[in-house]
Amino acid sequence: MGRKGNWLVLGLVVSLVIGMASVGFGATDKLIYLFYGEPGEADPATAYDMRSSTLINNVYDRLLTYEGSDATKFAPMLAERWEVSADGKTVTFHLRKNATFHDGSPLTAEDVRYSFNRVLTMNQPPSWMLSQMMNQDSTVVVDPYTIEVHLTQAYAAALGVLTHTVASIVNSAVVEANGGIVADQENTWMNQNEGGAGSGPYTLKEWIPAERLTFERYDGYWGAKALTKTIECPIVPEVGTRVLMLRAGDADVHDQFPETNVADLEGAPNLTILTPATFNIDFIALGCRGPMAEKAVRQAVSYAFPYAMALEFVYNGLAIRSTGPIPSGMFGYVDPAADGRYEYNIVKANQLLDAAGWTWVAGQGYRVKAGVELGMEVLAPIGEEVKMQEALLWQDSLRQIGFNLKIREIVYAMMYRTVRNHDTDGIMSGWLPDYADPDNYVDAICNSGNANAIYGNQYNNPAMDALILQAKSEIDVAKRAGLYRQIQEISFQDAPYIWVSQRSNVVILNNAVKGFYYNPILPIDFATLYKEG
Amino acid sequence: MRLSTYILRRVAMLIPVLLGVLVIIFVIAYVIPADPARAWAGPRARAEQVQVLEERYHLNDPIYTQIWIYLKNVVLHFDLGVSPTTGRPVRDDLKAFFPATFELAMCAFFLAIALGIPLGVVSALRRNRPTDHFSRVIALTGVSTPLFWSALLLQFLFYYKLGWLPAMGRSTIDITRYTGFVLIDSVLNWNWTAFGDAAIHMILPAATLAFYSMGYLVRITRGSMLEVLEAEYVITAKAKGLPRKIVIYRHALKNAIIPPLTVLGVEFGWLLGGTVLLETIFAWPGMGRYAAGSIVMVDLPAVVGYTLVVAMIMLLSNLVVDILYSVIDPRIRVGGKRR
């Protein structure tokens, strides 16, 4: 037998060994989920990226969560039930008594207090979610299984915040034994390990950086046991490699698959492709300075965006139209009437500019007013193909209204300073929610202070700011929905952003994988997944 | 000068060179208009959180202070700082990722030598005959095919179509990792299944990486060999009736090997850097991927650490080549007296 033959035999032996380990009855013991990049940190107090939240969500529990795929209904998790006081300022949680951490120790109210105060003391990037509504004295232990959270001010989205990974409950004994809490500093041990600190359906058995993560079922879990014993997650950055692995059956589940590569998987007989809508929205920030300080100009460029074409060709039909700062499917969203949203209309755009006194320069392709040329510069982050294509489509269409759009490609890390220093006019951007509440969107995008800090958008409407503030603490659900309706109406009138799309999460499942459900605000839940073998 | 003195002097020369590299990286990082702390903290971070990061990483200090603090930590504590994006010490990250890259580069390196030099010699001996044409086509394909393209093609063929080799990764079998070099560790574990598994995972990335270097080596060896074969001493050797083998291997090749050797020194450094694309395609947990990710995030400690390691390897591999010169060709005396 030749050399090739030797390798074949060796390969056969290896695959036999691996195969024997994974044979089971009915459902397989192992499932392979692909990570497209490395998670940042495993510590709930520090982590602030999608991959990390997948890790943390399956390893740690929170007080409450959402009901299955519905992101508007809360469901019990570590807290069996809870009561909100009439003024909305106090929430009392009653913990279940059978919850244990992965080291077997019971999870009590003291751990909850420890976890929340730890986030506040460490003061890491996601900590603002808790610090906006509570301080060190907010969490009060009533008895070992009852806890009161006294908010510093009524916040209607408080329960939503507590479903975020930052509000995960950690084992105080494990943290104290491994670095404890240091003010303003991350805990490097917790960043990489779990070691009994969590209470979720899975333990983080192993994390080899840049190679793989392995999750093992926690058999002492208080709730329904996870259906698959081992979830193995190789980290595969190259999309082409992921495509081949999925097609060859060497990977079972993959979510957040890039829209632009869906065609590579279509027609694969062993795969199912799901494309549920996320709460992620894409929009263009219009700096509101120079010519863009004029409302009529902003409205005109909003009419000049080819929405349908962008959805079809840029997003491959895998996105829906966004019409305002709040995504469809979330509390507070209003589907606007035909005259309450921008549609592609060059005639109307030209009329608006004519009326505002912007005149065409004879023989030139642009308009001027008082010596100022009509136009702006927009930043497109390098690496986000979708944003660049959108900008090019828009640029082409803007020529028809005499508007000169300059597109500047920029590295992600340089974007912030450029935007904050107003070294540009606008930015091809978007928003990924932290928690499923409209306040998380409008406060960041439309509130004058934050819009300037995050998007360099000098939009400033005191009426808008007042409404956002009022809606934050409004406990009456119907009244609150009314406030968000008004906010969306003003955002249409003022047009500080062009609302482009609400994106899909492309989920690829091997046909043998069952038990998948999708919640737009939560990372994938490993516990319900299993593979028919 | 004696060889040992020469080596010592060259090793001592590493210090100013590395210092220069360090200054250059800091200057580049200093002048680019990025906002590292903001990028690390994320868009919604409050000003005071960004400030904490700026202070911890001395981003607002003058550049010489930044370099001084860095040097002090490296020299006194062998501390390369904590990466703000991975949250881990850079030293630990490099320790974890370096062996994977080094192991891959070494395998590719020896594969390229084992194939490239004999092919170049044969090609020169059978000049303008089918063997020569064949090896020149191979060499030309090697140097002109972009790395990512040959990687994707080989992966598609040997993993997806034929199913002979794994698509990605370094190993699937858990063993105790003593050195971080999986091939060596599996031997230390006396686990031959793991060794076979690691070897199978090595084939595709190493072959792809070797393909380019090999093409280059074939061309250089062939050219150099052709030149030497026409030299007078070779003709003399032939004329005095020495056996062909001795003429080729002892007289010709020994002299012809100097140019390929020079190339090899540079080539090894290239192999280390060239792995960035391969590490992405084959999901190889090496430091190229780590560096690329760090650059995007302006992760200064990680970028500086990576650059220092690569610079050091580059310098050392050139040193090894210089030493080999005098071993192979005694006429080359390092710093010998002029006549």
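The paragraphs below lead through a predicted model, beginning with chain A as a whole and ending at its contacts with chain B.

Chain A contains 17 helices and 24 strands. Its radius of gyration is 25 Å, close to the 24 Å that the globule rule gives for 533 residues, so chain A is as compact as a globular protein of that length. Taken along the principal axes, the box that its C-alpha atoms fill is roughly 75 × 75 × 40 Å. Of the 533 residues in chain A, 48% are buried, and, when one considers the contacts in this chain between residues at least 6 apart in sequence, 69% of them join residues at least 24 apart.

Helix 10 of chain A, which spans residues 307-314, shows how one element is placed within the chain. Its buried residues are Tyr307(A), Ala310(A) and Val314(A), and because they cover an arc of only 75 degrees around the axis, they lie on the same side of helix 10 of chain A. The spacing can be read against a general rule: an α-helix has 3.6 residues a turn, so residues three or four places apart point the same way. Helix 10 of chain A is followed by Asn316(A), whose phi is positive, near 55 degrees.

Between strand 15 and strand 16 (residues 367-369) of chain A, the antiparallel pairing runs over two bridges, and Thr359(A) stands opposite Val368(A), a residue of strand 16 of chain A.

Turning to the partner chain, 43 residues of chain A are in contact with 43 residues of chain B. On the side of chain A that touches chain B, at least two residues are supplied by each of helix 1 (3-22), helix 7 (188-192), helix 8 (239-248) and helix 13 (412-420) of chain A, and helix 1 of chain A gives the most, with eight residues. By residue type, this side of chain A divides into 27 nonpolar, nine polar and seven charged residues.

Terms used: Residues are numbered from 1 along each chain as its sequence is written. Chains are lettered from A and ligands numbered from 1 in the order in which they are written. This is a predicted model: local features need pLDDT of at least 70, side-chain atom pairs count only at pLDDT 80 or more; totals for chains, interfaces and linings use all residues. Two residues are in contact if their C-beta atoms, placed from the backbone, lie within 7 Å. Helices (H or I, at least four residues) and strands (E, at least two) are DSSP runs, numbered from the N terminus. Ala, Val, Leu, Ile, Met, Phe, Trp, Tyr, Cys and Pro count as nonpolar, Asp, Glu, Lys and Arg as charged, and the others, Gly among them, as polar. A residue is buried if 20 or more other C-beta atoms lie within 10 Å of its own, exposed if 12 or fewer, and partly exposed in between; C-beta atoms are placed from the backbone. The arc is that of the directions from the helix axis to the C-beta atoms. The radius of gyration is taken over C-alpha atoms; the globule rule is 2.2 Å times the number of residues to the power 0.38. Two strands pair if DSSP finds at least two bridges between them.
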